[in-house]
Amino acid sequence: MNIFTLALRNVYRNRHRSLVTTLAMAFACTMMIVFAALMDGFAIGSERNVVSMNTGDIQIHLPGYRDDPDIYSLIDNADKLVAQFRADAFYATERLFAFGLMASDQSSSGVQLRGVDLDYEPTVTDIDQHIMTGEWLSADDQQGVVIGKKLSKLLDVGLGDELVFVGQTADGYMANDSFQIKGILKSVSATIDNAGVFMSNAMLRELITLPEGAHELVLMRTDRTGDLSLMTEQLKTSLGEDLEVMNWQQLMPIINRFLETAHIQTLIMMIFTYIAVASVVLNAMLMSVFERIHEFGIMKAIGVKPKQLVVLIYAEMLIQTFLAVLIALLAGSALSWYLQEHGLDMSSLADEISFAGIAFDPIWHAELTANAVLMPTLFLFVIAGIAVIYPAIKVAVIQPVDAIHHQ
Amino acid sequence: MFKLLPYYFSLFFLLPGLFPVHAETAQGADRVKALLNEVDDLWRGQSSYAVTTMHVKTDHYERTMKMEGWSKGKEKTLFRIMQPLREKGTSTLKSDNHIYTYLPKTDRTIKLTSGMMMGSWMGSHLTNDDLVKEARLEEDYTAEISFEGVRDGQKIIEFTLIPKLDAAVVWGKLALTILADSHIPVVEYYYDEDMVLARTIRFSDIQLLGGRERPAVLTVVPADKPEEYTRFVYETLSLNVELKDSLFSLSSLKKR
């Protein structure tokens, strides 16, 4: 007896029921693929935002600097260290920070001056490409600064406007100079948006009289597939206790946690959706089994083993599930791919979304990862398999004589 | 009450103490009132002009500035830096609770925002807030005599001042010591809201200034870094000088 042919015939016998069941499973699976792709897209997008826009893979500071950013907390020999890192599987750059007051014609606001190395910062982060209006800094412009999006609104300024900085130099004098707005950034993080003023390291050094040293060293692995935690530990050991070494997961634990739980969120969503699907499958299979009790009775009477009947039920289920998965793969992938390229426009909900200090692009892009496709499809098989346990058992325990009389 | 510009700093430190409040008995209260009024009288004047030198020493730098200052009433104050050359012409104007700073290098006048109030004034151990607040402190404290007698070989009277409940004051407590005979201030301790000492101001070098005996030197020492200090030395002081209101305007800030 060919179970497969038999199963095929049984499925076809009640086409409408089979189709409805198949489509229900296909629909649920498609939705889950799209959902998983969106979640993965969010996770990957966030990591990209955090890491490649600002934080980098690893950051080095003097211990205590992050809690109390004192301009005197400088890393000695920063230039030598950075050169060493570059020779050794990293892109690296130096940064300097200072705080003070920036005044425009209309108003003034507290700002964080962010000195960047014009040559090396673009190798580590993509901030130079994150300009909303205007241009990024250039070495031949000693007056140009790039400011955060919200800061430009706070100060009521635009491209080309003049800003005057007031602060204190390292040797106690008044730091005071005027600058011109060369560019305005898109959203990056709360601090940068509200108070960030980017200038070259050279300009900042002159403004606050800090000829040597750096406050922050930022590293990006040249090969990003390696184990970040391991590399962080290795670096920590080689640099010793005088410097604090942290990777982005340690620096932004909330985002890291969020990304870790993104998978769990998809899983939970899937469980709920598939429970609904399972009830559809169970219902269909149960009905189909009850209709055929007489037939099963006869089959058992002529020598078909219970095990074979169970396999038959499963085969019927598998045929439908396979079909459903085929449809879901096509539809789900297509939709996810579309959302990957074009994204879901959330800007009607919020102009920019900020979470745990990170700014998110209001256009939500999916990412069609292997995980997004495999997890829902494999899970569908599992759920369907569990759903038909009851009907299959029912079939297995049929007593031939009772079954033949059943009607 | 009228205050004098150079004693501006002392004033807003002292004034909290200089106003009468209760003591245990009616007689005690009257005496406190009288004493504080007397101290206050030391600073009384409708207007003033002074030249001071400020010396700041911190862990990272040491510098000296010379400046001239004018005051009229308690609402208007103007400082202008004379030395060093690098900062000559930088001025700070206080007018009706707003502070403006003129910076000759960029030829800009900046109005200080509330966010900058706790920032240090000109790199010293005083804050911008110290400059603004002085006018209101007089109404904001309750005072009583906490010690009277001999300490360190001097006959002194010590007052303890507690801010009133509704006062917008950053300190938790002040302790002011004056000489028993001349009622000239000797030292003032500032405690934060947790009653931890935050800073100390010492008055020394009593000299004839502006026609009266006053301390010519004020030294501010932060409690958390006792090796650091800011010292003001009054070189000249004239009281009740003729000063036009227009001196305390934004346009006059720019004159070098």
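This is a predicted model: local features need pLDDT of at least 70, side-chain atom pairs count only at pLDDT 80 or more; totals for chains, interfaces and linings use all residues.
1. At what angle do the axes of helix 12 and helix 14 of chain A cross? They cross at roughly 150° and come within 8 Å; axes are lines fitted to C-alpha atoms, for helices over the stretch in contact, and angles run from 0 to 180 degrees between N-to-C directions.

2. Residues are numbered from 1 along each chain as its sequence is written, and chains are lettered from A and ligands numbered from 1 in the order in which they are written.

3. Chain A has 15 helices and 14 strands; these are DSSP runs, helices being H or I of at least four residues and strands E of at least two, numbered from the N terminus.

4. From helix 12 of chain A, A:Pro306, A:Leu309, A:Val310, A:Ile313 and A:Tyr314 meet A:Pro391, A:Ala392, A:Val395 and A:Ala396 of helix 14. Residues are in contact if their C-beta atoms, placed from the backbone, lie within 7 Å.

5. Helix 2 (residues 15-55) and helix 13 (residues 370-387) of chain A pack at about 145°, with axes 8 Å apart. Residues in this contact include A:Met25 and A:Cys29 of helix 2 and A:Leu380 and A:Ala384 of helix 13.

6. The C-alpha trace of chain A spans about 105 × 45 × 30 Å along its principal axes.

Technical notes. Two residues are in contact if their C-beta atoms, placed from the backbone, lie within 7 Å.
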